[in-house]
Amino acid sequence: MGKHFFSETDIKSAWEQVLTAFWQRYPNPYSTHVLTEDVLFREVTPDNRLLSRRLLTKTNRLPRWAERVFPGNLSRSVYIIEDSVVDLGNRSLTSLAWNVNHAKFMLVVERCVFMGEQDRPVWTRITREAWVSSGVFGLSRPIQEFGLARFRSNQVKAMRGLEHALSNLQKASATCHGDSAEKHKNLNSTSETQKPQQYI
């Protein structure tokens, strides 16, 4: 049957900002277990939806009890495929991610929906679901319990990482606006102090 996770979170950021932060969330100090990210495929459909497929590499540390059961040469890296669809018309981003190795030991499928709220334009609702299963006979239940606990822990880090990316975007935007205002001020100052040219 497996384990199921569900959560809904509202964050006070416009959907367009959250969308940008989604693509820029790695690296961040809260998700050091994410080692690499690569875009495998990307296209815009005729109805103006952006389809993407990415490959992520993450660390895969086993619990101590599992290290005594499974061979020591078991890979400590897990490869994640992440498919996503951006629908600008509906202001939604839907992602589906799953691990492609160690799937018999533990398979984790995660679905996230980032939806811009119509009534509150500066808010975004994040709906997150995950399904954890294992095909190891006799040990599937403790493996699933471990997988669900780790997923919960990683989701806290994921939210902090997203907030970190949003903070960086806001700082960059403030700096950009500050530079523009300073340039505008300097131009006005120059035009005021420059002696007007006289024509005879």
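Author: Gladly; we will go from the overall fold to the backbone and then to the aromatic rings.

Author: This is a predicted model, in which local features need pLDDT of at least 70 and side-chain atom pairs count only at pLDDT 80 or more, while totals for chains, interfaces and linings use all residues. Residues are numbered from 1 along each chain as its sequence is written, and side-chain values use heavy atoms, with hydrogens and water left out.

Reader: How many helices and strands are in the chain?

Author: Helices (H or I, at least four residues) and strands (E, at least two) are DSSP runs, numbered from the N terminus. Here the chain has three helices and seven strands, and along the sequence they follow the pattern β-α-β-β-α-β-β-β-β-α.

Reader: What share of the 200 residues is buried?

Author: Buried means under 20% relative accessible area, exposed over 50%, and partly exposed in between, with a 1.4 Å probe and protein chains only. In this chain, 36% of the 200 residues are buried.

Reader: Which residues are joined by a cis peptide bond?

Author: Tyrosine 26 and proline 27 are, with omega at about -5°. Proline 27 sits in the loop between helix H1 (15-23) and strand E2 (34-44).

Reader: Where is asparagine 48, and is this residue buried or exposed?

Author: Asparagine 48 belongs to the loop between E2 and strand E3 (49-59). Its phi is near 65°, a positive value in a residue other than glycine. Asparagine 48 counts as exposed, because its relative accessibility is 55%. Arginine 91 also has a positive phi, about 50°, without being a glycine, but arginine 91 counts as buried at 16% relative accessibility.

Reader: How many aromatic pairs does the structure hold?

Author: A pair of aromatic rings is described by the distance of the centres and the angle of the planes. Rings of Phe, Tyr and Trp (its six-membered ring) pair if their centres lie within 6.5 Å; planes under 30 degrees apart count as stacked, over 60 as edge-to-face and the rest as tilted. The structure holds three such pairs. In one of them, phenylalanine 5 and phenylalanine 151 have ring centres 5.1 Å apart and planes at 65°, so the pair is edge-to-face. Phenylalanine 5 lies in strand E1 (residues 3-11) and phenylalanine 151 in helix H3 (residues 140-193), so their pair ties together parts 146 residues apart in sequence.

Reader: Which residues form one aromatic cluster?

Author: Phe22, Trp23 and Phe114 do.
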